[in-house]
Amino acid sequence: EAVKINTFLNTVLLPYQELALAEEKEFVIDLGEDQQLFFDKKRIHQLMIILLDNALKYTAPGEKITVFSSVKNNEWLIKISDTGIGIDEEKKAAVFERFYRGEESRNRKTGGYGIGLAIAKWIVDEHQGEIKLTDTTPKGTTVILRFPVK
Ligand code: ATP
């Protein structure tokens, strides 16, 4: 369906911004020019929830989460950056497998079954998109999403 991306993203992001502030984490929303795109709103919402839950879960008070979105060159780019515990290079591929959980997370009080990123990957594939994990400088994780614009 046709969706105004900034309206959509604000609906998804504002509750997380409140949550982050309550946990004393910084939460920056950086949206480009608004555009109308076609996608499955429910699925992309679910995808964002998975990634935002992780960003909050693996970030401590005083740290920062930034969400960036822009449409350029027939591509919708979304970046979710955090300054949290980060993901080791050799684990970056494994985290997309079902039931994989980093030992840091298994030791943590934070719950989870390690299913989130497997579902995220499935949703991205279904939209012919791409999901990549990179490091945030100086520390943390940045998730990069790219979707072709139809
Ligand atoms: P859940 O099933 O509730 O999503 P989970 O967070 O453990 O639990 P995934 O979302 O699949 O599962 O993530 C898999 C693993 O990837 C996590 O256990 C964690 O080790 C790592 N991970 C995911 N996102 C981040 C992040 N933003 N920063 C650091 N590590 C992360």
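A residue is called buried if 20 or more other C-beta atoms lie within 10 Å of its own, exposed if 12 or fewer, and partly exposed in between, with C-beta atoms placed from the backbone. Welcome to this structure, which is a predicted model: local features need pLDDT of at least 70, side-chain atom pairs count only at pLDDT 80 or more, and totals for chains, interfaces and linings use all residues. Residues are numbered from 1 along each chain as its sequence is written. Helices (H or I, at least four residues) and strands (E, at least two) are DSSP runs numbered from the N terminus.

**The chain as a whole**

- The chain holds 4 helices and 7 strands, and from the N terminus on they run β-α-β-β-α-β-β-α-α-β-β.
- Its radius of gyration is 15 Å, close to the 15 Å that the globule rule gives for 150 residues, so the chain is as compact as a globular protein of that length. That radius is taken over C-alpha atoms, and the globule rule is 2.2 Å times the number of residues to the power 0.38.
- The C-alpha trace spans about 40 × 30 × 25 Å along its principal axes.
- Of the 150 residues, 27% count as buried.
- Two residues are in contact if their C-beta atoms, placed from the backbone, lie within 7 Å. Among contacts between residues at least 6 apart in sequence, 64% join residues at least 24 apart.

**The sheet**

- Two strands pair if DSSP finds at least two bridges between them. Five strands form an open sheet: the sheet of 5 strands has the order E2-E4-E5-E7-E6, with mixed pairing.
- E2 and E6 are the edge strands, each pairing on one side only.
- Neighbouring strands of this sheet are turned by 10° against each other on average, direction ignored. For such angles, axes are lines fitted to C-alpha atoms, for helices over the stretch in contact, and angles run from 0 to 180 degrees between N-to-C directions.
- Helix H1 (residues 5-22) packs on the sheet and touches E2 and E4, and its direction makes about 170° with that of E2.
- Strand E2 (residues 26-31) pairs with strand E4 (residues 64-72) in the parallel sense over 6 bridges, and here Glu26 stands opposite Lys64 in E4.
- E4 also pairs with strand E5 (residues 75-82), this time in the antiparallel sense over 8 bridges. Val71 has Trp76 in E5 as its bridge partner.
- The hairpin of E4 and E5 has 2 residues between the strands, and Asn73 takes a positive phi near 50° there.
- E6 and E7 are joined in the antiparallel sense over 6 bridges, with Lys132 bridged to Ile144 in E7.

**Helix H4 and its two sides**

- In H4 (residues 116-126), the buried residues are Gly116, Leu117, Ala120, Ile123 and Val124. They lie on the same side of H4 because they cover an arc of only 115° around the axis, the arc being that of the directions from the helix axis to the C-beta atoms.
- The face turned away from that buried side carries the exposed residues Asp125 and Glu126.
- The buried residues of H4 pack against helix H2 (41-57), strand E6 (130-135) and strand E7 (141-148).
- Val124 counts as buried because it has 20 C-beta neighbours inside 10 Å. Leaving aside neighbours within four places in sequence, Val124 is in contact with Leu47, Gly129, Glu130, Ile131 and Leu145.

**The nonpolar core**

- A nonpolar core is a set of buried Ala, Val, Leu, Ile, Met, Phe, Trp, Tyr and Cys residues joined through C-beta atoms within 7 Å. The largest one has 28 residues, of which Leu47, Leu51, Leu52, Ala55, Ile80 and Ala120 touch the most other members.
- H1, H2, E4, E5, H4 and E7 each supply at least two residues of this core, and H2 gives the most, with 6 residues.
- Beyond its neighbours within four places in sequence, Ile80 is in contact with Leu51, Leu52, Ala55, Val67 and Val143.

**Backbone details worth a look**

- Most residues other than glycine have a negative phi, and most peptide bonds are trans.
- Phe99 is not a glycine, yet has a positive phi of about 70°. Phe99 lies in the loop between E5 and helix H3 (103-107) and counts as exposed, with 8 C-beta neighbours inside 10 Å.
- Just after H4, Gln128 takes a positive phi of about 55°. Gln128 counts as exposed, with 10 C-beta neighbours inside 10 Å.
- Thr137 and Pro138 are joined by a cis peptide bond, with omega about 0°, and Pro138 is found in the loop between E6 and E7.
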